[in-house]
Amino acid sequence: MAPPRVLPVPLDRFRWAALAAALIGSALAVLPPAAGEGPPGRPPLPTEAVDAQDVITPVPSSLGADPDRVALGRMLFSDTRLSRGGDRACITCHDIRTNGASAVARNLTADGTPVPRNTPTAFNAALSFRLGWAGDIPSLPDQAEIALTQPEFLGGSWLRILAVVRGDPALAGPFQAAYGREADRAAVIDAINSFERSLLTPDSRFDRWLRGDTHALTEAERAGYALFQGIGCAACHQGINVGGNLFEKVGIFVTIPNKTAEVLRVPSLRNVAVTAPYFDDGGVATLPEAVRLMAQAQLGRELTPAQAASIVAFLGTLTGSYEGRPLTAPAAAPQP
C-alpha cells in the first residue's frame with residue numbers, strides 16, 4: 001500500500017501554533033528561573049535545562065490538599081458499596097497501584113458493555129484544564145459526579161451513597177471531623193477530589209533533569225527531547241502536564257486508520273510509557289506506533305524507526321513516582 005501523501009507544512013500555521021502553545025504553557029506553569037539561577041545552596045541550572053522549562057515544568061510534590069480529606073477520599077475511591085451493583089469502585093478502572101488506568105483498550109460498563117473511550121489515567125488529572133478525551137468535563141467535581149452516578153460507570157444514587165457513608169462509623173466520624181458537618185453530597189465529592197489532587201507523580205527523571213540533575217538523562221534521551229521539540233510535538237504537548245491544556249483536531253494532515261477526524265483534548269504525556277494501549281479508542285498497542293501515527297497525522301511527518309525510537313526514549317523519562325514508587329504498566333488483560 002502506498003504511504004499517505006504528506007502535505008507541505010504551512011510555516012505560518014506552525015509559527016502561530018508554537019506561539020499559542022507558549023502562551024498557554026506560560027499561563028499554566030511557574031516561570032522558569034533564568035540561566036544560572038536556582039535555590040540557595042544548589043548549583044546553578046544548566047542553560048539547556050532552563051530553556052527546557054520554557055516548554056515543560058516539573059510536577060509539584062503537592063497541591064496542598066487537606067490530609068484528612070485526602071484520607072477520606074482514598075477510602076471512597078476504593079469503596080465498592082457506592083456503586084449500583086456493589087461490585088465496582090473508582091479503582092476498578094483507575095488502578096492507582098500501577099498506572100492509574102488499566103491494561104484494556106476500553107473498560108466495561110456496569111452492564112458489561114465496553115465504555116465509549118479508553119480510560120485515561122487518574123494520575124496528574126488535577127493538572128489538566130479539562131477532563132475526558134473530548135474535554136467535555138469542566139472540572140474534578142463534575143467528573144466525580146459523573147463517575148459516581150452515571151450508569152456506564154458506578155451507577156450509584158446519592159440516596160445510597162450518603163446512606164453508606166453516614167452509616168459507617170469509619171466514615172461518618174471522620175467526615176464530621178473534616179467538614180464540621182454530616183457527610184453530604186458536596187463533602188463526598190470534595191473528599192474524592194482531595195484524594196485525586198494528591199495523585200501526583202513527581203520525581204520523573206526528566207523533572208530531575210529540569211531541576212539541575214545533569215546525570216538524570218542520557219545523551220540519547222536528550223536527543224529525543226530535542227527531536228520532540230524540533231518537529232513540533234511540543235506545540236501541543238507542553239506545560240506542566242506535557243499536554244492536557246488545549247484542544248486539537250486529530251488528523252490534521254492525514255486521518256489515522258479506523259478513526260474519524262475530531263477535536264479532542266490534547267492528552268498529557270506524563271507517564272505515557274506505562275499507559276498503553278493508546279489513543280481514545282485504545283486502538284494502538286505500542287508507544288513507537290503511537291508516536292509514528294501522531295507525527296504523520298498531526299505534523300505531516302514520516303518518522304524513521306530511529307526517529308520514533310528517539311522520541312520514545314525521551315517519553316520514557318516522563319514516568320514519575322507515586323508515594324515513592326515509580327509507576328508501572330498493569331498486568332496484561334484480555335480485551336473486552
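Contact here means heavy atoms within 4.5 Å.

**Figure 1. Overview of the protein chain in the predicted model.** Among contacts in the protein chain with a separation of 6 or more, 65% are accounted for by residues 24 or more positions apart. The secondary structure comprises 12 helices and four strands. The protein chain has 336 residues, and 48% of them count as buried.

**Figure 2. Confidence along the protein chain, with residues 1–37 in close-up.** The mean pLDDT of the protein chain is 88, and 85% of its residues reach 70 or more. Over residues 1–37, the pLDDT is below 50. This stretch still has 42 contacts in the model beyond near neighbours in sequence. Where pLDDT is low, the predicted coordinates should not be read in detail.

**Figure 3. Packing of helix α11 against helix α12.** Helix α11 spans residues 287–299 and helix α12 spans residues 305–315. Their axes are 9 Å apart, and the two helices pack at an angle of about 115 degrees. Because angles of 65 to 115 degrees count as roughly perpendicular, α11 is described as roughly perpendicular to α12. The crossing of α11 past α12 is right-handed. On the α11 side, the contact is made by Leu 287, Pro 288 and Val 291. On the α12 side, the residues are Ala 308, Ile 311, Val 312 and Leu 315. By class, the contact of α11 with α12 holds seven nonpolar residues, no polar and no charged.

**Figure 4. Packing of helix α5 against helix α8.** Helix α5 covers residues 140–149, and helix α8 covers residues 185–197. The pair packs at an angle of about 110 degrees, with axes 9 Å apart. That angle makes α5 roughly perpendicular to α8. α5 and α8 form a right-handed crossing. From α5, the contact draws on Leu 140, Pro 141, Gln 143, Ala 144, Glu 145 and Leu 148. From α8, it draws on Arg 185, Val 188, Ile 189, Ile 192, Asn 193, Glu 196 and Arg 197. The residues in the contact of α5 with α8 divide into seven nonpolar, two polar and four charged.

**Figure 5. Thr 260 in the loop between β1 and β2.** Strand β1 runs over 247–250 and strand β2 over 262–265, with Thr 260 in the loop between them. Thr 260 has a relative accessibility of 59% and therefore counts as exposed, the cut-off for exposed being over 50%. Val 250 and Thr 260 are 10 residues apart along the chain, and their C-alpha atoms are separated by 8.2 Å.

Definitions and conventions:
Residues numbered from 1 in each chain as written. Predicted model: local features only at pLDDT ≥ 70, side-chain atom pairs only at ≥ 80, totals over all residues. Heavy atoms only, no water. pLDDT = per-residue confidence, 0-100. Axes fitted to C-alpha atoms, helices over the stretch in contact; angles between N-to-C directions. Parallel < 35°, antiparallel > 145°, perpendicular 65-115°, else oblique. Left-handed = near helix turned anticlockwise from the far one by under 90°. Nonpolar A, V, L, I, M, F, W, Y, C, P; charged D, E, K, R; others polar. Buried < 20%, exposed > 50% of the residue type's maximum accessible area, 1.4 Å probe, protein only.
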